[in-house]
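Colleague: Could you walk me through the charged pairs in this one? I am still new to this, so please go slowly.

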Amino acid sequence: MAQFGDGFRQAMHWTHTWLGVVLGIVMFAVFWMGTLTIFAPEIDRWMIPETRIVHAKREISYDLLLSRLPPDAASSDYINFVVPDERRPTIGFSYRGADGTFSDHELDPVTGRPLAVTDSRAGTGFIYPFHLSLTIEWQNLGEWIVGLAALAMLILLISGLVIHRKVVTEFFVFRPRRKARRATLDLHNLSSLLGLPFYFLMPFSGLLIFAFVYLPWGIAEPFGGDLAKAAAAISGDYDPGARTGRAATLASVDAMKREAEAMWSAAEGVPVETNLVRILNHGDDSAVVYFRNTFPRDRVVLSEYVAVFNGNTGQVLQDFAKPPIGHASSWVQGAHFMQFGHWPLRWLYFIGGLGGCVMIATGMLFWLSSREGKLARFSPGHRTVEALTIGGVTGIIIATCAFLVANRLLPPGATLWADTRAELEVHAFWLVWFATFLHAASLRAQAWAQQCWAIAILAATAVTLNAVTTGEHVTAALSDGYLAVAGVDTVLVITAGAAAWSALKLRPASKPLPVPAAHTVE
Amino acid sequence: MSAALLVGAMLAVTLGTALLALSQQRHWNAVMGTGSKPGNLPQRLGWLLISVSLVLTILRDGGSFGALSWPLQAGFGALLTSGALTWMPGVMKPLARWFGR
Amino acid sequence: MRGVWEAPSPTRMPAARQIIGRDGPMLGAWRLFAGLVGGHALASGMVAAMGSMLPLVGMPRGEAVSLAILLALIAYAPTCLAMLASGRPWRDGLALFATAGALIALASMF
């Protein structure tokens with residue numbers, strides 16, 4: 001290994017440093033948005049106030065809902081209902097129209113009528129897609145970039161363990177009063193070690209979830225090159241084929257749902273409910289009805305069961321249950337999606353996610369601070385990394401807060417150059433994020449404190465605007481039973497406080513730190 | 001019952017990581033001053049408590065959820081321990097006195 | 001406070017040399033290419049070969065592919081690390097591509 005450096009550890013050091021510098025900002029963005037995605041439905045409730053409904057268990061008649069389909073849905077090849085639960089109290093309803101575009105609606109869980117809701121992508125429509133693809137849809141490029149970041153994170157974790165010589169003796173060590181560089185590295189090591197299993201699990205399970213995107217040839221090859229066949233064997237997907245053109249009436253979907261849940265509950269020994277009610281080729285004699293328990297409340301494993309019925313006769317066409325290895329794989333994927341109803345664990349995930357953000361941010365900061373007071377500090381490369389780090393860390397938090405503020409400020413029906421209100425919110429996010437990079441590039445290290453103030457002000461503004469525009473301030477939301485709204489507000493208040501505290505702490509030092517003699521050797 | 005098991009598991013893992021930290025001379029000195037040694041007991045008891053927290057977590061959550069929640073609980077407990085060592089090592093003194101020599 | 005950064009390490013080098021390492025740009029780029037692309041080919045080959053061959057001994061095809069995906073994704077990151085740390089990157093990189101090619105050929109035969 002002589003030609004590479006002074007051995008394996010040094011190769012790992014090189015890998016850790018440069019992979020971190022090059023992909024740190026992507027990893028931070030993905031981890032930050034992933035952390036928020038843990039509470040995506042709660043963010044939806046905050047951003048779409050019309051869906052602030054206290055959930056109660058009700059029998060919903062999908063037959064009734066199907067009898068009131070909009071005209072362009074009547075011959076849709078894809079109609080989907082999402083069964084409401086405590087975190088998503090409305091009935092989700094979407095369908096593909098004749099022109100191939102999707103229409104999404106929130107139905108009132110009591111009346112089944114469409115709710116007139118604020119036009120916003122909110123948590124599920126923006127924060128969640130950003131987490132998995134940075135919202136770059138072209139050729140799945142965003143998913144590949146995020147996949148590369150996930151792979152890089154696994155490599156960084158392993159190489160970090162190799163180069164960290166004092167895993168045991170410095171496990172609990174944090175010395176904030178030491179030099180900034182030392183304190184940053186302590187915090188990097190501490191945050192990395194405390195959440196290590198979680199940090200391994202997240203990128204790995206993320207890659208697993210998108211295995212069909214990342215390894216399509218390998219997965220399709222055993223099925224004669226047909227990826228749809230692979231999806232059918234692995235996930236119980238069902239292809240009803242093309243419409244025949246012969247009109248037919250749908251049998252009772254409610255009866256099929258009862259039968260599916262009875263089959264699953266018998267197999268499992270405990271009640272198992274469906275989350276999805278999907279009708280393919282509606283109105284045609286090739287229609288099928290598809291049920292899946294995508295996100296069970298009481299278990300980690302997702303999508304264990306899929307039942308498919310002939311839409312016209314109500315006969316069972318497919319009763320799919322995940323086989324053992326598929327089950328194990330679904331456990332790993334479910335651990336990433338974490339849609340189960342385990343609140344202490346959800347908060348632990350949130351803390352773990354924030355810990356991951358701290359780990360990534362302090363890693364990038366350490367790279368910068370180990371060049372403080374050196375000539376390298378003035379190189380274009382250093383300045384670029386500095387601006388990317390500031391914009392990538394505080395900048396994306398500012399942009400997220402701006403997204404929330406824009407949501408509360410934009411009037412209903414706002415449009416600009418043919419962009420919808422929901423799109424304008426997203427533009428606000430990107431514009432503000434871009435501005436934070438410019439700000440960071442021009443002000444350099446001073447930008448940290450100012451951007452922390454911006455977070456504090458925007459987060460406080462978001463809380464205030466929620467109270468003013470919806471009347472649901474924290475106490476009102478609590479007394480009305482809207483825990484999601486109160487929770488988002490509380491986290492925003494804590495964010496504002498923490499950002500203001502950081503801003504005060506971050507007032508730029510009057511003189512550059514001296515360079516310790518030990519670091520000028522070589 | 002479920003809440004008690006959760007609190008018990010969190011307490012056990014926090015105390016366990018605190019004892020593991022105290023078993024290291026560096027942290028022992030930070031809490032008790034120089035001139036004494038922690039001995040072997042804090043380390044053994046620390047691992048015991050951490051194992052107890054695993055058992056309590058599995059009793060509460062089962063293996064499937066427990067495999068996810070226990071590592072995060074342990075990390076959180078260790079975070080509390082690190083915070084105490086950093087900003088208020090004094091709070092660990094009563095604990096350390098049990099093992100003081 | 002001796003730690004990793006006190007040891008002689010590439011972070012002492014000027015930025016341009018750090019980025020390319022002591023290998024020179026060609027070898028550094030080869031390591032990355034072989035790790036990422038070769039690793040991806042190896043992962044694809046593993047899934048295809050296991051997915052095609054395990055059913056011959058009675059495992060359901062979907063299960064074989066599920067197992068292969070898990071193992072291939074576990075192997076990917078260490079493969080990249082091995083390429084980045086290898087003492088003989090040309091030989092090891094070519095061996096990696098050859099292995100991936102053999103797995104892909106094997107999968108295509110069954």
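**Salt bridges**

Modeller: Searching the whole structure, over all chains, turns up 17 salt bridges, where a salt bridge is a side-chain nitrogen of Lys or Arg within 4 Å of a carboxyl oxygen of Asp or Glu. This is a predicted model, in which local features need pLDDT of at least 70, side-chain atom pairs count only at pLDDT 80 or more, and totals for chains, interfaces and linings use all residues. Residues are numbered from 1 along each chain as its sequence is written, chains are lettered from A and ligands numbered from 1 in the order in which they are written, and side-chain values use heavy atoms, with hydrogens and water left out.

Colleague: Which residue does A:Glu268 pair with?

Modeller: A:Glu268 forms a salt bridge with A:Arg299, and their closest N and O atoms are 2.6 Å apart. Because A:Glu268 lies in helix H11 (residues 253-268) of chain A and A:Arg299 in the loop between strand E5 (288-292) and strand E6 (305-310) of chain A, the pair ties together parts 31 residues apart in sequence; helices (H or I, at least four residues) and strands (E, at least two) are DSSP runs, numbered from the N terminus.

Colleague: Is A:Arg299 buried or exposed?

Modeller: A:Arg299 counts as buried at 13% relative accessibility, while A:Glu268 is partly exposed at 28%; buried means under 20% relative accessible area, exposed over 50%, and partly exposed in between (1.4 Å probe, protein chains only).

Colleague: And what about C:Asp92, what is its partner?

Modeller: C:Asp92 forms a salt bridge with C:Arg91, with the closest N and O atoms 2.9 Å apart. C:Asp92 is partly exposed at 25% relative accessibility, and C:Arg91 is partly exposed at 47%.
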